[in-house]
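Please read them with the coordinates open.

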Amino acid sequence: MPLLKYEQIADDLRTRIANGEFGPGDLLPSGRDLAEQWRVSRATVVKAYDVLRNDGLVVAHQGSGFTVVETPIARPAGGRRAGTTRLSGGAPYRRLGAPDRTAPPAHVADALGLKPGEEALRRARLVLLDDGAPHSLVTAWFPLPVADAAPRLSMKGPITEGTTHYVRRQTGRSPAEGVDITTVRLATDEEARFLGVEQPTAVAVVLHTALDQNRKALVCEEGVTASHVFEQIDKYVMQ
């Protein structure tokens, strides 16, 4: 399905930010300039900026316009239902180490459809609470065909536009279905160290797998959250 005009504008700005034309804190083109450039109404440009703001990519400043965020945000694993945004569930985070290629644990390999011993690209981050304390340790695993097509995944720095948009731009593949499995177990010593808790401690583990339209895995994320900060709320209609 062709993108609507405001989606095209949002994608163009996202690409320009990703390519370094606009860096953290930089002022983005005004609504008037974009409306003239794309020959659309100001309302269409506002919708484009709303998309980027909900993605946590830009910040609005009264009287001066929009700037690129200075502190990128990320979400804990799971909860990626259609209609949710990175801004609504996102928080500051810290990248842990450099991405590397290694064989994932058996349950992750199974979720990705990999053979035993087959490698995937691993990226780890620590999602933080408002006070800077650890909230969730998230390890993302990408199949090598995805990693090879999206080389920035192998770089240490953050991907400001978000990995989902970046992978879509590079591969043409988008998430069509998500599978979240939540379990409870004791933390490993390494997990306890990153989460700043004493052993033994219980953790909630969310295994999130994003599948494309052909039901092939794009990524598998394992999020580990200490029990004292884990909360899951579901709101739904009852009949």
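1. Conventions. This is a predicted model, where local features need pLDDT of at least 70, side-chain atom pairs count only at pLDDT 80 or more, and totals for chains, interfaces and linings use all residues. Numbering starts from 1 along each chain as its sequence is written, and side-chain values use heavy atoms, with hydrogens and water left out.

2. Aromatic pair. A search of the whole structure gives one aromatic pair. Its members are tyrosine 49 and phenylalanine 66, which are stacked, with 4.2 Å centre to centre and 10° between the planes. (Rings of Phe, Tyr and Trp, the last by its six-membered ring, pair if their centres lie within 6.5 Å; planes under 30 degrees apart are stacked, over 60 edge-to-face, the rest tilted.) Tyrosine 49 belongs to helix H3 (residues 42-54) and phenylalanine 66 to strand S2 (residues 65-68), so the pair ties together parts that are 17 residues apart in sequence. (Helices, H or I with at least four residues, and strands, E with at least two, are DSSP runs numbered from the N terminus.)

3. Burial of that pair. Tyrosine 49 has 2% relative accessibility and counts as buried. Phenylalanine 66 is buried too, with a relative accessible area of 18%. (Buried is under 20% relative accessible area, exposed over 50%, partly exposed in between, with a 1.4 Å probe and protein chains only.)

4. Charges over rings. Arginine 152 places its charged end over the ring of tyrosine 166, 4.9 Å from the ring centre. Arginine 193 lies over the face of phenylalanine 194, at 4.7 Å from the ring centre. (The criterion is NZ of Lys or CZ of Arg within 6 Å of the ring centre and within 35 degrees of the ring normal.)

5. Helix packing. H3 packs against helix H1 (residues 5-18) at an angle of about 50°, with the axes 8 Å apart. That makes H1 oblique to H3. The axes of helix H2 (residues 31-38) and H3 come within 9 Å and cross at roughly 110°. H2 and H3 are therefore roughly perpendicular to each other. (Axes are lines fitted to C-alpha atoms, for helices over the stretch in contact, and angles run from 0 to 180 degrees between N-to-C directions. Under 35 degrees is roughly parallel, over 145 roughly antiparallel, 65 to 115 roughly perpendicular, the rest oblique.)

6. Seven-stranded sheet. The sheet is open, has seven strands in the order S3-S4-S5-S6-S9-S8-S7, and pairs antiparallel. Strand S3 (73-74) and strand S7 (177-186) stand at the edges with a single partner strand each, so one side of each is left without a neighbour in the sheet. Inside the sheet order, strand S8 (residues 202-211) and strand S9 (residues 217-226) run antiparallel and are joined by nine bridges. Valine 205 faces valine 224 of S9 across this pairing. (Two strands pair if DSSP finds at least two bridges between them.)

7. The S1-S2 hairpin. Strand S1 (residues 58-61) runs antiparallel to S2 and is joined to S2 by four bridges. Valine 58 stands opposite valine 68 in S2. Three residues separate the strands of this hairpin, and glycine 63 takes a positive phi near 85°. Serine 64 sits in the loop between S1 and S2. Serine 64 is partly exposed, at 43% relative accessible area.

8. Backbone exceptions. Most residues other than glycine have a negative phi, and most peptide bonds are trans. Arginine 39 counts as exposed, at 80% relative accessibility. Arginine 215, in the loop between S8 and S9, has a positive phi near 60°. Arginine 215 is exposed as well, with a relative accessible area of 53%. Glutamine 199 and proline 200 are joined by a cis peptide bond, with omega about -5°. Proline 200 falls in the loop between helix H8 (189-195) and S8.

9. A further loop residue. Lysine 156 lies in the loop between helix H6 (144-149) and helix H7 (163-171). At 54% relative accessibility, lysine 156 counts as exposed. Lysine 156 and proline 2 are 154 residues apart in sequence and 33 Å apart in space, C-alpha to C-alpha.
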